[in-house]
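Subject: Structure for your review

Dear colleague,

Please find below the structure that I am handing over to you. My notes on what was found in it follow.

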Amino acid sequence: MSAACHDDPAPERGAPTGLRRIALIGSPNAGKTTIFNQLTGLRAHTANYPGVTVTRSEGMAHTPAGRVAVEDVPGTYSLSAMSPDEQVVVDLLDGTLPGCPTPDALVVVLDATTLRRSLTLAAQAMARHQPTLVAVTMLDEHAARGGRLDLPALAEALGVGVVGVIPPSGEGIAELRARLDRPQDWAEPPFPPPADSEEQTAWVRSVLAAADYHAPRPDATTRAVDDVLLHPLWGGVVFVAVMFAFFQTIFTVAAPIQDTLQRGLGWLAEQVADHVGHGFVGAFLSEAVIGGVGSVLVFVPQVALLFLLIALLEGLGYMARAAYLMDRIMAATGLDGRAFVAMLSSFACAVPGIMATRTIGSSKTRIATILAAPLMPCSARLPVYVLLVGLLVPSGTRWGPVQAQGVAMFALYVLGGLSAMVSARVLRSTVLRGELVPFYLEMPPYRMPRLRSVLLSSWSSVRMFLRKAGTIIFGTAVVLWALLAFPTRDAETIGLDQAHASAYVLEHSYAAQLGRAIEPVFEPLGFDWRIDLGLVGAVSAREVFVSTLGQVWAATDPEDPSAALAEATYLDGPRAGEPLFSAPTVVALLVWFVYALQCMSTVAVMRRETGSWRWPALALTYLTLIAYAAAWLARLITLAVTT
Amino acid sequence: MHPVAGPDAATVRWVVPHEPYAFLAAAAGHGALRELVADGTLAGIEALATCLQTRLGPERRWAAEADRVRAAVRAALEAQAPGCASGPCGSCPRSA
């Protein structure tokens with residue numbers, strides 16, 4: 001799994017006890033998390049679509065008089081929870097969230113462009129008899145589209161303090177920060193707004209009239225663009241084109257940088273050989289560090305570009321459109337567009353994708369989405385795919401202007417996405433049968449993402465990837481290196497040149513014994529013990545497959561492991577001497593990685609989100625069986641086609 | 001309509017987002033409000049330029065009486081100008 005991966009979508013830091021606690025609540029996509037980031041200096045994930053925040057986050061805000069703890073919670077349209085993420089808000093306010101005391105005060109974040117709807121939530125918040133302050137966001141957009149709002153009059157009508165905030169520019173944040181100091185002095189209404197829905201509606205209309213509120217015109221640009229992007233036919237065509245261009249970009253832009261990194265690693269290996277030698281330390285550096293971790297790090301350009309493009313699409317507001325477009329197709333699978341949002345989040349990593357299912361109200365739909373989400377191609381698969389596609393399709397192959405490797409990559413992503421949908425359909429028709437709850441998702445206006453937000457979001461994900469390379473992947477590489485390097489065979493290798501001595505040690509290592517023990521299981525798929533070793537390592541994280549191959553072939557040829565890998569042959573058995581990475585074997589490997597649930601973090605988060613080991617066990621079983629059967633079938637078909 | 005704090009804690013003004021506001025004087029005399037004055041819930045009702053002002057009776061608390069007063073004010077406004085308590089609806093027959 002990618003690491004981007006294994007951090008919750010938003011940071012959570014415990015506040016020292018005794019500090020005043022203030023909760024930010026508001027409708028989805030109102031700008032709460034951006035305010036939270038501005039107040040606390042943290043970098044919780046933000047994007048331009050509803051449902052980005054699905055967990056509670058906590059940070060420290062420095063105020064003129066000291067510090068307060070600020071809590072960011074998932075967006076909600078009301079305090080009558082309909083989904084697990086909304087329940088977090090209600091539980092927090094009720095004081096029933098484990099380990100979280102009831103907040104001392106509430107800041108209700110209201111989007112000026114949708115104030116009519118948002119005031120219902122404000123009414124419910126004010127009815128809780130806690131000090132309440134209102135922060136009105138999107139004032140610039142509201143005014144630009146001809147909207148009108150008198151903030152002092154709104155404050156008078158509501159009976160509570162109102163602060164206008166434009167989070168991206170930071171306007172109003174200083175005033176908000178100053179007010180956080182003394183919630184006990186915040187204005188209070190004579191009594192709370194009515195609870196009865198009809199009376200509440202009357203209250204909202206009256207407050208808006210008193211505040212001289214005029215709703216903004218519909219965004220002309222958004223409407224014009226949506227005429228195309230939400231069109232039943234053209235919207236679908238654009239969606240496929242966007243995804244296609246996505247992978248073309250990843251290959252064409254990142255490939256030269258990756259080549260440079262690859263050359264850099266080769267140079268490093270030469271330096272190690274020249275200056276450290278081929279002894280114990282030299283072998284560790286060239287095989288475990290350069291061959292293992294280095295072989296994963298060369299894919300950082302692709303991973304960075306993937307996260308950058310995702311952040312751009314999120315910031316623009318395209319994700320909500322994609323979910324809308326896919327709703328009809330998803331309905332055929334027994335899921336809805338909200339499930340598609342969760343699946344899109346899995347593009348980066350299945351962990352936030354699975355957590356994003358908290359926005360789904362129906363428990364059966366939610367579990368079906370959780371079980372299907374690991375099939376969505378995540379960033380951890382990217383290095384594996386890039387490596388294997390590189391072995392399957394010669395670099396530089398083009399069909400006209402189209403990069404052939406990019407097409408293969410796109411096909412893998414389509415296969416993963418389709419498989420997730422088929423899997424969901426089967427689950428919803430069998431063990432998770434049930435009614436489909438109506439889907440609603442607010443379409444945010446298109447917004448030009450701020451460069452800083454996009455870069456920060458991408459960097460945050462890349463940093464997680466790097467951290468993972470330095471921890472899980474490095475740790476696994478060290479263990480594997482020891483298994484590959486021992487037992488030493490000094491006596492048997494006397495008189496052999498370096499390459500033959502390395503090959504002899506490798507073939508008689510503990511790792512070889514382990515690989516050979518499981519070789520019969522994967523033999524029908526065309527995998528030899530070295531590939532099997534990679535599959536075993538990849539159980540902890542998929543990228544480890546790349547580092548394992550890097551190490552094995554670095555042990556074979558420390559100075560050019562890539563060439564050694566491409567030219568590898570079967571060492572023994574009936575296929576001895578034949579190319580190891582033939583098209584049938586590479587296709588089988590690719591298909592294996594499309595389906596296999598090789599990510600312990602995903603299994604752990606499945607357990608946490610479903611509250612049982614039953615569902616992760618089911619996912620592990622069905623995905624492993626499908627991976628094996630599909631890889632075997634893919635090998636047979638490729639053999640038939642290529643021979 | 002929506003309540004806003006008056007000049008003191010016992011006074012609440014029910015703001016009506018309509019104009020002209022002449023119907024407020026008639027609403028102030030509505031039976032539902034007179035009943036609240038009679039039973040001591042309210043000490044008085046006054047029609048101001050843009051709102052009805054209600055003063056709470058002695059030893060009464062808004063927390064306990066707000067819903068009853070709200071219902072009475074609503075009934076009084078609706079009787080004079082149907083729909084007006086729900087805010088400007090465009091079809092409300094505003095009184096002159």
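Where in chain B does B:Glu59 lie? The model is a predicted one, and in it B:Glu59 is found in the loop that runs between β4 (51-56) and α3 (62-80) of chain B. Its phi is positive, about 60°, although B:Glu59 is not a glycine. With a relative accessibility of 84%, B:Glu59 counts as exposed.

Chain A as a whole

Chain A contains 26 helices and eight strands. Its C-alpha atoms occupy a box of roughly 95 × 55 × 45 Å along the principal axes. Of the 643 residues, 56% are buried. Among the contacts in chain A with a separation of 6 or more, 74% are between residues 24 or more positions apart. The accessible surface of chain A amounts to about 25,200 Å², and carbon and sulfur atoms contribute 62% of it.

The open sheet

Six strands of chain A make up an open sheet, with mixed pairing and the order β2-β3-β1-β4-β5-β6. The edges are held by β2 (57-63) and β6 (161-164) of chain A; each has a single partner strand, so one side of each has no neighbour in the sheet. From one strand to the next, the twist averages 25°.

Within this sheet, β4 (residues 105-111) and β5 (residues 132-137) of chain A are paired in the parallel sense over six bridges. As for individual residues, the bridge partner of A:Val109 is A:Ala135 in β5(A).

Helices across the sheet

Helix α3 (residues 115-126) of chain A lies across β1 (21-26), β4 and β5 of chain A, and runs at about 170° to β4(A). Helix α5 (residues 151-158) of chain A lies across β5 and β6 of chain A, at about 155° to β6(A).

The twelve residues of α3(A) reach 16 Å from the first C-alpha to the last, close to the 16 Å expected at 1.5 Å a residue. Which residues of α3(A) are buried? They are A:Leu115, A:Ser118, A:Leu119, A:Leu121, A:Ala122, A:Ala123, A:Ala125 and A:Met126. An α-helix has 3.6 residues a turn, so residues three or four places apart point the same way. The cover over the buried residues of α3(A) includes β1, β4, β5, α5 and α7 (197-210) of chain A.

A cis peptide bond

One further feature of chain A deserves mention. A:Phe486 and A:Pro487 are joined by a cis peptide bond, with omega at about 0°. A:Pro487 is placed in the loop between α18 (451-485) and α19 (498-507) of chain A.

With kind regards

Definitions and conventions:
Residues are numbered from 1 along each chain as its sequence is written. Chains are lettered from A and ligands numbered from 1 in the order in which they are written. This is a predicted model: local features need pLDDT of at least 70, side-chain atom pairs count only at pLDDT 80 or more; totals for chains, interfaces and linings use all residues. Side-chain values use heavy atoms; hydrogens and water are left out. Two strands pair if DSSP finds at least two bridges between them. Helices (H or I, at least four residues) and strands (E, at least two) are DSSP runs, numbered from the N terminus. Axes are lines fitted to C-alpha atoms, for helices over the stretch in contact, and angles run from 0 to 180 degrees between N-to-C directions. Contact means heavy atoms within 4.5 Å. Buried means under 20% relative accessible area, exposed over 50%, partly exposed in between (1.4 Å probe, protein chains only). Accessible areas come from the Shrake-Rupley method with a 1.4 Å probe; for residues, only the protein chains shown count as cover. The expected span of a helix is 1.5 Å times one less than its number of residues.
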